[in-house]
Amino acid sequence: MTLVQITHNDLDGYGASTVAASLAPVQRVVHVARYSDVGPVVEDELKRLRKASAPETLLMTDLGLEEPAIAFFRRFTAMNRNRDEGTRHRLVVLDHHASSLDQLRRQGLEPAPDPERLGLIRTDFGDPAVFVLIDEAHCATRMTFDQRALYAPEGAEGPAELAILIEAIEALDLWQKASPAFTGGLALDEIFWDSVSPLVPPSHPRHDRFMSDLLLAAARCLAEGATAAELERRAGGLRAAIVDALLADEPGDDPALTTRMRLARMLARSDTMFHPLSDGTLLSFGLDSGTFQRVSDLVMETGRAKRVVNVQRTGTLSFRSIDGTALDGARAFRGGGHRDAAGGKLPQGSAHSLADALAQVEPLLNPPAPDPSASPFGALKNWKG
């Protein structure tokens, strides 16, 4: 059964996706930076699942259940009810926020202890394929491992270093300062934030594999007795080793360059990271500003485009060009800057996905030509009195 995961964009969220990928084949992971973006993301998934002929499992981890998410659970249940029994989807929600229980109760639901899973609170949505589970005592990373029977093949255990990874992330996420694993968790968190955006960005298909490999490699160091300081000093080497493997068959790779320089060359050739607009501008979504600067230069240098724009989740746009048109693009978004390097702001203030960014940028950057027939004077144009 196809498995898709939606998870939070922090260490616990990536810990949960690392665990899931170690136990089952995950087809796609969606990382949500802000809980306010959960609503649009799950609506997109619901539309897709309605059209899917085969049953799938949707795994949601560490997202904090607010009103849009709860409304989605109800719509998911209603959709499942109308599908043939053999094609019904499975929804597994693993959360650990106390506020989620409050929100469920405000929506007229009654979370109660799960009789089959000690320590878990489950909310019944009237569908045996829907599992909404909350455990305030454990992080989402641990929950994803403990509840693996809900989405992974029977007997899946994953690599040995998963136990160390889970322990360190839980100590940090629950702020268990007295735990021996706490400083290791802090070191993992620093490595995570240093690496999650500037190296292999979330929009690249190798992003999740890169981050999971990095977290597991760091966990192996902790298992071998490395201190937080030693792990920090070794982090660059861990990243470089993973990049060596990642770029082993990449044409034009130059090991004499830094890790970011080498990766920029790979990213600039990606067909999935850059999406053409109607005027030939290439649009990317959610790239770190330093990464965008390097990659956009390489994209234009190789002749793929004369203008590139990157849209951040926060709604800011960065234009780069080699023909003096970056500023023209920025002006369409109440922005400014230099002729070949300028920026602006999305009209809606933020973007939750690439599709959302495309929908906001295209009509402003390349407005459609006016339809003469829509004018009240259009009917008079060819009128002969």
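Colleague: Which residues in H10 are buried?

Modeller: In H10 the buried ones are Thr259, Arg262, Leu263, Ala264, Met266, Leu267 and Ala268. Keep in mind that this is a predicted model, where local features need pLDDT of at least 70 and side-chain atom pairs pLDDT 80 or more, while totals for chains, interfaces and linings take in all residues. Numbering starts from 1 along each chain as its sequence is written, and side-chain values use heavy atoms, without hydrogens or water.

Colleague: What makes helix H10 largely enclosed by the rest of the structure?

Modeller: Helix H10 covers residues 259-268, and seven of its ten residues are buried, so the rest of the structure largely encloses it. Buried here means under 20% relative accessible area (exposed is over 50%, partly exposed in between; 1.4 Å probe, protein chains only). The helices are DSSP runs of H or I with at least four residues, strands are E runs of at least two, and both are numbered from the N terminus. The buried residues of H10 pack against helix H9 (228-246) and helix H11 (289-301).

Colleague: Why does Thr259 count as buried?

Modeller: Its relative accessibility is 19%, and the cut-off is under 20%, so Thr259 counts as buried. Thr259 lies in helix H10. Beyond residues up to four places away in sequence, Thr259 touches Leu199, Ala240 and Val243; contact means heavy atoms within 4.5 Å.

Colleague: What makes up the largest nonpolar core?

Modeller: That core has 69 residues, and those with the most contacts inside it are Tyr151, Leu165, Leu188, Leu231, Leu263, Phe274 and Val299. H8 supplies the largest share, ten residues. A second, separate core has 28 residues, including Val42, Leu58, Ile70 and Leu101. Each is called a core because its buried Ala, Val, Leu, Ile, Met, Phe, Trp, Tyr and Cys residues are joined through side-chain atoms within 4.5 Å. In soluble globular proteins, nonpolar side chains tend to be buried together.

Colleague: What volume does the largest pocket have?

Modeller: About 1,100 Å³. Two or more lining residues come from each of helix H1 (11-23), strand E2 (28-32), helix H2 (38-51), helix H8 (207-223) and helix H13 (354-365). H8 gives the most, with six.

Colleague: Why is an open set of points called a pocket?

Modeller: On a 1 Å grid over the protein atoms alone, a 1.4 Å probe fits at the points, and protein lies on both sides within 12 Å along at least five of seven lines; a cavity would be a set the probe cannot get out of, and lining residues have an atom within 4 Å of a point. Points are joined across faces, edges and corners, and the volume is the space filled by probe spheres set on them.

Colleague: How do the residues of that lining divide?

Modeller: There are 14 nonpolar, 18 polar and nine charged residues in the lining of the largest pocket. Charged means Asp, Glu, Lys and Arg; nonpolar means Ala, Val, Leu, Ile, Met, Phe, Trp, Tyr, Cys and Pro; the others, Gly among them, are polar.

Colleague: Is Arg334 buried or exposed?

Modeller: Arg334 has a relative accessible area of 64%, which is over 50%, so it is exposed. Arg334 sits in the loop between helix H12 (326-331) and strand E12 (336-337), with a positive phi of about 55° although it is not a glycine. Asp62 also isn't a glycine, and its phi is positive at about 60°. Asp62 is in the loop between strand E3 (56-61) and H3, but at 2% relative accessible area Asp62 is buried.

Colleague: What percentage of the 385 residues is buried?

Modeller: Buried residues make up 50%. The protein has 13 helices and 13 strands.
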